[in-house]
Every structure is written in C-alpha cells, then in structure tokens.
Amino acid sequence: MPAPRSKPLLAWEPFPFLVVVVLLVLTGFVRPDAPPWLLWPFLVILVAAITWLIVGVVRGARRSNPDQWGDLATLDGLELLDAPRVEREVRAVAPVADAHRHQAAIELARLQGGPEQPAVLVPRASRWLSRRYRIGVQLVGGDRPRHAGFLSAAADDRWREPLDGLRASGRYVRVPALVTGASRPYGVELDLSGVERLSDAAPGDAGDTG
C-alpha cells in the first residue's frame, strides 16, 4: 500500500473541534420546542461529538514516541538503522526545509552536539493544524532529540515509500547531519547517500539501536 500523503480527516486534530462548533451553532436553529424527530437525533449527535472531542483530547495528552506530530522525546526504545555517508563523486545532500521555524532547537542541538551530528528521519510527521504528512528531521547530537524541520519536497518524494516501509516495522533511519552557519539563521543539511542501501532492508536486518 502506498505511503499516505495526508492524515485521514477523522485523525486530523482540529476536526472534532470543528464538528462541535458547527453543532453548537446549529443549536440556535434547533430549539427545545422542535419536533422530536429533529430534536432527539440532534441531541444524540451533539453528545456523541462532545464525547469524541473529549476522548481525542485525552488521547492527545498521552505521550507517545514519536508523538502524533512526529516529534521524538527520546531515542530509548527506538530501533535505529544507521545510514552512514557513502563515498561517491556526487554526494546526496539535502537541505532541511522549514529550518527557519526551529532556530532555537537547532541552536541548542548545535551547542550540545556540535555542527556535525546525527539526525533521525521520522515519516508521517506534520505541522500543527496541517493534514499533510512529511518526513520530520530530528537532530540527536545533544541530550535529547530536537525537531529541525522536514525533508525538502524533492527528497520527501524520493524517500517517502522506503522510509514509511521501515517505519511500519518500527524502524527509523539515522543519517549524518551538518548544521550550517556560525550564528542564526542556521541551516541543516543531511547526507542521504547511505539511505538507498537501507531502503530494501529485510525485516530482520537491523542496524545499531539507539
């Protein structure tokens, strides 16, 4: 099955809120003196929507690793496959998109892990309020993973399927990363030359575990 490009509508975080808001607006039209065939089904739907919203909030409060947006809290318990640099005439280097949104996190990662450090690629990551799935980049050279942005569109198209296939078996790829710049604004470049060797890895072929 192809890797999904976006979250299902029912899994999109704001959707239950939107449903409840619409139903609350409709309460101005469905009055208590409305016919029973209209009032009672409407109340049942409203209660079900509010219950759905509460369950979603409770589930969202539970920490998972990666969480629902693809951020990592720790490397503990993750099965990591190392994709070290492959020497070749043309290096497969990809800039990280949206790095300008994560300057504080990148700066902390650079201070603790240096300009050259590993990064973990996390498929099915997303920005808040966005349904679009992307491949998140987590710098892991410091005391904890730090979100640096996402793979660029071209790299995402190239590696979405193999990385999502590895994720399905609980494995994530770790690649060399370089934080560019001596001060803000920082950039992040990834060396993806070793990822191709892992894209067809069998379920039992594990790399180093973090």
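A nonpolar core here is a set of buried Ala, Val, Leu, Ile, Met, Phe, Trp, Tyr and Cys residues joined through side-chain atoms within 4.5 Å, where buried means under 20% relative accessible area, exposed over 50%, and partly exposed in between (1.4 Å probe, protein chains only). The model is a predicted one, so local features need pLDDT of at least 70 and side-chain atom pairs count only at pLDDT 80 or more, while totals for chains, interfaces and linings use all residues. Residues are numbered from 1 along each chain as its sequence is written, and side-chain values use heavy atoms, with hydrogens and water left out.

On that basis, the largest nonpolar core comes out at 28 residues, and those with the most contacts inside it are Leu-121, Leu-139, Val-175, Leu-190 and Leu-192. Take Leu-121: once neighbours within four places in sequence are set aside, its contacts (heavy atoms within 4.5 Å) are Ile-135, Gly-136, Val-137, Leu-151, Leu-163, Tyr-172, Val-173, Val-175, Leu-190 and Leu-192. Another core lies apart from this one and has nine residues, including Val-20, Val-30, Ala-34 and Ala-49. In soluble globular proteins, nonpolar side chains tend to be buried together.

Helices (H or I, at least four residues) and strands (E, at least two) are DSSP runs numbered from the N terminus, and two strands pair if DSSP finds at least two bridges between them. Strand β2 (residues 93-97) runs antiparallel to β7, with three bridges joining them; here Ala-94 sits opposite Leu-190. β2 also pairs with strand β5 (residues 146-151), again antiparallel, over two bridges, and Ala-97 has Phe-150 of β5 as its bridge partner.

On a 1 Å grid over the protein atoms alone, a cavity is a set of points where a 1.4 Å probe fits but cannot get out; a pocket is an open set with protein on both sides within 12 Å along at least five of seven lines; lining residues have an atom within 4 Å of a point. Grid points are joined across faces, edges and corners, and a volume is the space filled by probe spheres set on the points.

The second largest pocket holds about 160 Å³. Its lining is made up of Arg-85, Arg-91, Val-93, Glu-116, Gln-117, Pro-176, Ala-177, Leu-178, Glu-189, Leu-190 and Asp-191, with β3 (116-125), β6 (171-180) and β7 (187-191) each supplying at least two residues. By class, that gives five nonpolar, one polar and five charged residues (Ala, Val, Leu, Ile, Met, Phe, Trp, Tyr, Cys and Pro count as nonpolar, Asp, Glu, Lys and Arg as charged, and the others, Gly among them, as polar).

Asn-65 and Pro-66 are joined by a cis peptide bond, omega about 0 degrees, and Pro-66 is in the loop between α2 (36-61) and β1 (79-82). The bond from Arg-184 to Pro-185 is cis too, with omega near 0 degrees; Pro-185 belongs to the loop between β6 and β7. Asp-98, in the loop between β2 and α3 (103-113), has a positive phi near 65 degrees and is buried at 15% relative accessible area.
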